[in-house]
There are 2 protein chains.
Amino acid sequence: MPVTIFDVAKEANVSPSTVSRVIADNPRISEKTKRKVREVMERLDYHPNFQARNLAAKSTKTIGVIMSNSTSLAFQNPFFPEVIRGICTSAHASQYGIYLSTGGTEKEIYEEVVSMVQGKKVDGIILLYSRVDDRTMAYLKDVQFPFTMVGRPYKYENEITYIDNDNRKIAHDVVDYLYHLGHRQIAFIGGNLDFVVSKDRLEGYQQALINVGLPYSDAYFIHDEDFKSNGKSRINKLMMLDEPPTAIVAHDDLVAYEIIRYLEELSVQVPNDISIVSFNNHSLSAYVKPPLTSVDISIFELGFEAANFLLEKVQDSNAAVKHHFVPTTLVERESCKRINIFNE
Amino acid sequence: MPVTIFDVAKEANVSPSTVSRVIADNPRISEKTKRKVREVMERLDYHPNFQARNLAAKSTKTIGVIMSNSTSLAFQNPFFPEVIRGICTSAHASQYGIYLSTGGTEKEIYEEVVSMVQGKKVDGIILLYSRVDDRTMAYLKDVQFPFTMVGRPYKYENEITYIDNDNRKIAHDVVDYLYHLGHRQIAFIGGNLDFVVSKDRLEGYQQALINVGLPYSDAYFIHDEDFKSNGKSRINKLMMLDEPPTAIVAHDDLVAYEIIRYLEELSVQVPNDISIVSFNNHSLSAYVKPPLTSVDISIFELGFEAANFLLEKVQDSNAAVKHHFVPTTLVERESCKRINIFNE
DNA sequence: CTGAAAGCGCTTACAG
DNA sequence: CTGAAAGCGCTTACAG
């Protein structure tokens, strides 16, 4: 019973083809006809059927957004809404919609992506993560389906369009920052190393140590899983070291606050006894005590540019491969302190 | 060039109709034929085209999720990923996908919903909010399109299927909780009153006051917009009252922490000088100082049940109207303190 | 500038 | 249990 292009055509005394062209605002249709047809469309409250249009035009005007739900929820919390907002802002401007997929396991994600691609559900895909040896990414690359990643790809970096922060650099910068505050014992609490973001930050940390001539020690590095299952005792152990750290770099603000809580139980005060700096700059981090020094990673931008890049590829299948690092800012608050050291 | 039902049919020596029935796992097809056809589908790597299937079958197997982005970002942060996770979990189980829409203005949301409905983009819609006098909701109700709300509707409560917390009750309970700790001066920092959730919580607060025989005073109520533009001076004013509150109920944990910061600047300590309790129980609230007493609203459940209800309606157009309040729990942490009062 | 016709890739009565 | 045919509601060469 819904009103179709035929109803409009009949009412307007034109052919369905003409109505279709009016919808597409085809320049070959006279303004007069357009006006007439539009008036009828309005009057009959006509809305084009997307399924039919997509089938005929072989495009869906929607982009698929894939999130890994293995990324810890903690990380998703602030990230997800912002990145989606960025994507939507760009997609909206080009009249694209968003098809969202949150697989459970990696396998489920893979299968859903395959069915999105093969089933022609979407015109392009944004991967909201970059993991090591990701078959979903490999698949997309193999079949040459338009896609974009938020996160530096682990492999084929030069063949894949992506957007990211320069995580190696920001980790490096953060260590430099602490170094210039006088810190020489700097620990690192990292993220899940299945994700490139975590690898990059660890690498930046290590490289910075080398650059300033500090030794890297495994005793100063706590692993994501380790921290999750055993956080409290790992922090205890860290602080019991002969040379305990005077500063900690944490992978995420949530992790930083968890650390701070454990430190408190040991009567170690931030920033007086130990400095801490982390990444991602959650909305709460400005308010709670101590206000956290954290790297703002411009999540909105990340999503916005990912969508822009994708749309370029969708509209021009041989658009050049692009990378872009969106700028970050170290937001200094009150979790770090300058310390005096004799050798400076 | 994609492989279609015809290619499969030819290869398997059956008709396209039969292939279609095998895809739908129609019981009238013999197991033998099914096996043969499935083997061919596998071999040719056949995947059904969704657009075509949807067009012919007049169903899309996707549900639309509408979020208001006027809800302050603060509120969305923890809410959004969890509620989506709940929706996806349910949708996935029934092989449904998610089409996400985040309009800018209310008008944009309305228009996108109309085009989703009329354009047959989705089989049903979940409104992730309930606002006062919402034309989007009114439209959905008018055209009798299957939809569900996360949030109690402002009007037509008995005609609309929704899921929510019992916000009046939890606000009431929270006031009771403070009352039993000895508090008699209880202030309320509310949310945006365009949303029913805020109205309900305010109402619960007021009702609880009445029930325990405490007066309601406008001086103890700070309005969302007021707080956003003027938070610090409003809190100052509140504390300068002849009878300043001994306890505050805050609309959200983020708001609570902002309040705590302003209080600190006034050298008012939580919980020693003033108690504070809030709603929504963010993931950070367990970690930061002071750990916040907050009502956990079971966000995952909210999303999960909303999707369940919707799917029922989609599959059975005259399914009964349903409401359900998902249970909440007051998570006691360290932001509230018992005080002694003479009249107890 | 406009129309008749074929086609997008499925589903589903209808018939046997 | 299976097939031939019509149809879902559009778009787009092709023709004029």
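This is a predicted model: local features need pLDDT of at least 70, side-chain atom pairs count only at pLDDT 80 or more; totals for chains, interfaces and linings use all residues.
**View 1. Surroundings of DNA strand D.** DNA strand D is surrounded by 26 residues, and the closest of these are A:Ser20, A:Arg21, B:Thr18, B:Arg21 and B:Thr33. Of the atoms of DNA strand D that come within 4 Å of the protein, 60% belong to sugar and phosphate. By residue class, the surface near DNA strand D comprises 11 nonpolar, 10 polar and five charged residues.

**View 2. Helices facing DNA strand D.** At least two residues of the surface near DNA strand D come from each of α2 (16-23) and α4 (50-57) of chain A and α2 (16-23) and α4 (50-57) of chain B. The element that gives the most to this surface is α4(A), which contributes four residues.

**View 3. Individual polar contacts with DNA strand D.** In chain B, a polar side-chain atom of B:Ser17 lies 2.8 Å from a base nitrogen of DNA strand D.

**View 4. Relation between the two protein chains.** Chain B is superposed on chain A by a rotation of 180° with 0.1 Å of shift along its axis, at an RMSD of 0.1 Å. The two copies are therefore related as by a two-fold rotation axis. Among the residues of chain B, the one that comes closest to the rotation axis is B:Tyr99, with its C-alpha at 2.3 Å.

**View 5. Extent of the interface between chains A and B.** In this interface, 48 residues of chain B are in contact with 48 residues of chain A. The two chains bury about 4,600 Å² between them, of which 62% lies on carbon and sulfur atoms. B:Gln51, B:Leu284 and B:Tyr287 supply 15% of the area that chain B buries against chain A, more than any other three residues. Because 100% of the interface residues of chain B are also interface residues in chain A, the copies meet through the same surface.

View 6. Two salt bridges are counted between chain B and chain A; A:Lys289 forms a salt bridge with B:Glu264, in which the closest N and O atoms are 3.8 Å apart. The elements giving two or more residues to the side of chain B that touches chain A are α4, α5 (73-93), β2 (97-102), α6 (106-118) and α11 (253-265) of chain B, and α5(B) provides the largest share, 11 residues. This side of chain B divides into 21 nonpolar, 16 polar and 11 charged residues.

Definitions and conventions
Residues are numbered from 1 along each chain as its sequence is written. Chains are lettered from A and ligands numbered from 1 in the order in which they are written. Side-chain values use heavy atoms; hydrogens and water are left out. A residue is near a molecule or strand if one of its heavy atoms lies within 4 Å of it. A polar contact is a pair of N or O atoms within 3.5 Å; within protein, one must be able to donate a hydrogen and the other to accept it, and residues adjacent in sequence count only if both atoms are side-chain atoms. Ala, Val, Leu, Ile, Met, Phe, Trp, Tyr, Cys and Pro count as nonpolar, Asp, Glu, Lys and Arg as charged, and the others, Gly among them, as polar. Copies are superposed by least squares on the C-alpha atoms of residues with pLDDT of at least 70 in both. Contact means heavy atoms within 4.5 Å. Buried area is the accessible area (1.4 Å probe) that two parts lose on being put together, summed over both. A salt bridge is a side-chain nitrogen of Lys or Arg within 4 Å of a carboxyl oxygen of Asp or Glu.
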